[in-house]
Each structure stands twice: as structure tokens, then as C-alpha cells.
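My entries follow in the order I looked things up.

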Amino acid sequence: MTKHVTHWIGGKPFDGRSARRGDIYEPASGRVAGTVDFAGRDEVGAAVAAAKAAFPAWRDASLSQRTKVLFRFRELVSAHRDEIARLISAEHGKVVSDAAGEVARGLEVVEFACGIPHLLKGGFSENVSTRVDAYSILQPLGVTAGITPFNFPAMVPMWMFPVAIACGNTFVLKPSEKDPSASVRLAELWAEAGLPDGVFNVVQGDKAAVDGLLHHPDVKAVSFVGSTPIARYIYATAAANGKRVQALGGAKNHMLVLPDADLDAAADAAVSAGFGSAGERCMAISVVVAVDPVGDELMAKIRERVAGLQVGPGDHPESEMGPLVTREHRDKVASYLDSGVAQGATLAIDGRDPDVLGGAGDGFWLGPSVLDHVTPEMDAYKDEIFGPVLSVVRSASFDAAMELIAANPYGNGTAIFTGDGGAARRFQNEVEVGMVGVNVPIPVPMAYYSFGGWKDSLFGDSHAHGMEGVHFYTRTKAVTARWPTASRPRGHTPRPAGGGGVNLGFPNGG
């Protein structure tokens, strides 16, 4: 073990000693590659205190100053993209090219945040009453926090902190303890970009660190991405402590394939969206709904494509899919193949003994797997598996497929594959899901739109990044102003420009 990852507090690595630590694994080999400190109450308190102390000066920094730092950070992250991708791949397991794509998507939000002078423009109305002007301004909240998952250790944090910091807030990030190195590297790049000490902080750890942030009175807002049970807990706990909350939960994303669809394109999309990043994506396609009579033909095309996939270590140049993040998670995902068969599904593709480039060793491997003839009563359908298991459901009609999707408690992402514009328009209009793709399997919005689902995939009223992110990290102040029309001699008390006298009536726009 050579790696040791700690917190980043007040512009530098934590120089104390944490009472607890956890192991960092290398998923491709199964070995322990290092350790990470776990924050307790003291470390969380120190990070929040640093953020609170840095807030007044950063709040008052000009938009020009903030933007210069953001542009420098953007250039530094871009220059170190490959390095960050390798850190992610080593600790998460995803292939390096996928990790580099993650960093690129995170950079899109940084680029969006670089436009903060425009995004923070308020409104102005002249002469709303006699010689009275009214205007609104957007102001930062103070100390904000982000709690992020293991599957995107760079991108998901970058959905949050660039917008929060651009708006004038300070930020405390609690990344996943499973792949913590990217968070500290981003903190180092913030410092190199000229961000003042304390504006961006990182506390590593587990539930103790999370609860420390949720209960801390100086944390004004909490952003979260993760599973639905934890999102529900984050929302309830943070809200009970008077905080603003956006908590993005889990998913069961359906891809509806109509009989008129290009089945080759649909099969390509199902395999790409189902098995990319080993299925460890909240936007992964986990259910393909094939409308009769295309199920058998589509299934045959999926089988052909899966047979050609290369499974291997993330740094192997030929790898297309890496291992899962932990041994426990691999075993849990694999268990759905047994339960699926026991509950009546057909195991069309069994990935439990994959051919791994360079040999499997003790890595956390599970190859692409497909359960066919899945029904809504099965655990493989009901649960968010979060791994390379694709369920294929057969549907008798478009209407029956729409009812199936509507009945699902999740509402994160969905897609339809069809050449029928009318069917696609009806689908996007009626489906109760927050992000919709039309012949696009992973409809992740661009940074200037907002990311988030409906139903049990979102707790709170705000989605991530885009203008919803700007509004989440700011609060509106309305100002009504009247000024005297002429100067008065020194010592003379001016009377209101609209006329003097006491008036106990309710003010109006006269």
C-alpha cells in the first residue's frame, strides 16, 4: 500500500490525524491500493469553519475576479484530464476513455459557470410608483455542501461546485470513500487556479461525515446524488435542519423499442447504454421494452453485439468494460441473475465467468448479462441493480408499454426508438420521466439545461446545474428605492420625493 488520501481543508491537505480510515481498492486486481481518512465531527467542523471564514471575501469578490479563477480552473482541469481519468479508472474500474469522457462532461458545467456575470443578472423596473424603482438581485447562500457517489467521482461533483462557487458561495465536498483521489486532485487545481483558501474543501469519509454536514448549523444548502433510500434520508434530515436540499436518487431507465425502429441502431444503443461503465450509471438503460413482434429479432442483435465486447482492466487499450467497484457490489449484482431465473426469466447471456483481457485474477469482474422475458414482479425489474445486467421486457403494444413505464416508481431517464414522429411526440409528452431521449439512449442534458428526474428519482424542487442550479445556490432579494429629486442643505432633513406626511394606509403603486 503506497497511497494515502486525506481531506482538503482551508486550502491545503489536512495535517491532523483522523481517528478512522478505510481501504481503497483496485477493482481490476482486487488488491488494497491505499487508505483514505474518514472525517469525524472535528474534521467536518474544521472544513465548515474554513468555508465560513472564506465566505465574506468570496461573496464580495467581483464577478470579474470569480470568472478569472473559473477560467483558469477550466484550463487546468482540461490540461490534466488524462491524469484525472487514470486516477478514476484505477479506483473505480471504468476504462480510461470512459473516465476521460466523464471529466469532459464535468468541464461543460465549469464552462457554463464561467458565464456567471450573465447568469446572475437580476431584473429592474423603473418608476413602479411615482419616482420609485424596483429591482431584484441574486445573492449567495453561504456555506454549501455536496455529497457525491462513487460512479462519477469527477463529473457529479462538477455538476455542483462550479455553479455554487461561481455564485459566490463556499463549498464542502464529501465524495465517495471508494474512489476519493479525484476530489483532492481537483482541490489542488482550484488552489493553482487562484481560488482563495477555504472556498473549496473536501472531507473524506462515510455516514459520520455525511451526518456532520447535514446537522451543521452553518451549512446552508446540501446537494446529493446517489440511491433513492439515501436521497430520501438526505432530504428529510437536511430539511429538518433548515437547509435547502436537492437530492437526486436512483433510476430504472426504460428504453422503448417500437416495431418501426431501426433495430440495428436500437441494439447498438441498448448495449452501449446498458453496459458502459459496467452499468454503474444512474442514466444506464437497465430495461429494454420491446413491442411485439420485434423482441426476438432485437434480442438476437443484442446477443451479437455483446459477444464482441472486450472486458478488461481500465488501463488496457482494448478494454471496453471494466470491473465493478467492489467485491460486495459485484456479488450483489450477480445475485440478480439467479433470482431472475428463479422467478421465471430466461438467462439469455450469463456474464458471471467473463473472458478478461490479461486474466481475471481476483478482480471484481462481471461481464455483460441479459435477462429476457422479464416481468414487473421480478426483483431484477423492481430494483436498481446498478451493474451490467440488462432486462428485456416484451410488450404487446405501445399503450401497454406506456402503462408499464408509468407504473414504475422511478422517473429519472427514458428513451424511445422509433421512426414515427407522432409516437415519439406522444411519448415525450405523456411519459412521467424527467429526462427523455428520442433515438438517444442516454439523454443527459447539456450543462446549460438541468439534470434530474421525477417521482422517486428526485427529492426537493431543484435539478442540478443549468439555471436551476444557479437558482438553487442563490436567493433573491427584492429592493424598492426612492431618492430625493434634489439636494438639500446640510442638516436639513429631506422629505420623501413623492410628497410628505404620515400615511398609515397600505402602500400602492399610485
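I count a contact when heavy atoms lie within 4.5 Å. The model is predicted, so I note its limits: local features need pLDDT of at least 70, side-chain atom pairs count only at pLDDT 80 or more, and totals for chains, interfaces and linings use all residues. Residues are numbered from 1 along each chain as its sequence is written, and side-chain values use heavy atoms, with hydrogens and water left out.

**Entry: Val287**

I started with Val287, which sits in strand S14 (residues 285–291). Helices (H or I, at least four residues) and strands (E, at least two) are DSSP runs, numbered from the N terminus. Which residues does Val287 touch, not counting those up to four places away in sequence? I found Lys252, Asn253, His254, Met255, Tyr381, Leu390, Ser391 and Val393. Val287 has a relative accessible area of 0%, so I log Val287 as buried. My cut-offs are buried under 20% relative accessible area, exposed over 50% and partly exposed in between, with a 1.4 Å probe and protein chains only.

**Entry: Ser89**

Next I looked up Ser89, in helix H3 (residues 81–92). Ser89 is buried at 7% relative accessibility. Leaving out residues up to four places away in sequence, Ser89 touches Lys94, Val95, Val96, Ala99, Gly314 and Asp315.

**Entry: H2 against H6**

I then took helix H2 (residues 63–79) and helix H6 (residues 155–166). Their axes come within 10 Å and cross at roughly 155°. That makes H2 roughly antiparallel to H6. Axes are lines fitted to C-alpha atoms, for helices over the stretch in contact, and angles run from 0 to 180 degrees between N-to-C directions. Under 35 degrees counts as roughly parallel, over 145 as roughly antiparallel, 65 to 115 as roughly perpendicular and the rest as oblique.

On the H2 side I see Arg66, Leu70 and Phe73; they meet Phe161, Pro162, Ile165 and Ala166 in H6. I sorted the residues of this contact into six nonpolar, no polar and one charged. Here Ala, Val, Leu, Ile, Met, Phe, Trp, Tyr, Cys and Pro are nonpolar, Asp, Glu, Lys and Arg charged, and the others, Gly among them, polar.

**Entry: aromatic rings**

Rings of Phe, Tyr and Trp (its six-membered ring) pair if their centres lie within 6.5 Å; planes under 30 degrees apart are stacked, over 60 edge-to-face and the rest tilted. How many aromatic pairs does this rule give? I count 13. Phe73 and Trp190 are stacked, because their ring centres are 3.8 Å apart and their planes are at 5°. The pair links distant parts of the chain: Phe73 in H2 and Trp190 in helix H7 (residues 181–193), 117 residues apart. Phe73 is buried at 0%, and Trp190 is buried at 1%.

Phe124 and Tyr135 are also stacked, 5.7 Å centre to centre with 15° between the planes. Phe124 is in strand S6 (residues 124–129) and Tyr135 in strand S7 (residues 132–140), so the pair ties together parts eleven residues apart in sequence. Phe124 is exposed at 55%, and Tyr135 is partly exposed at 31%. I also logged a cluster: ring pairs link Phe73, Phe161, Phe171, Trp190 and Phe200.

**Entry: cysteines**

I searched the whole structure for disulfides and found zero. A disulfide is a pair of cysteine sulfur atoms within 2.5 Å. Cys114 is buried at 8%, and Cys282 is buried at 13%.
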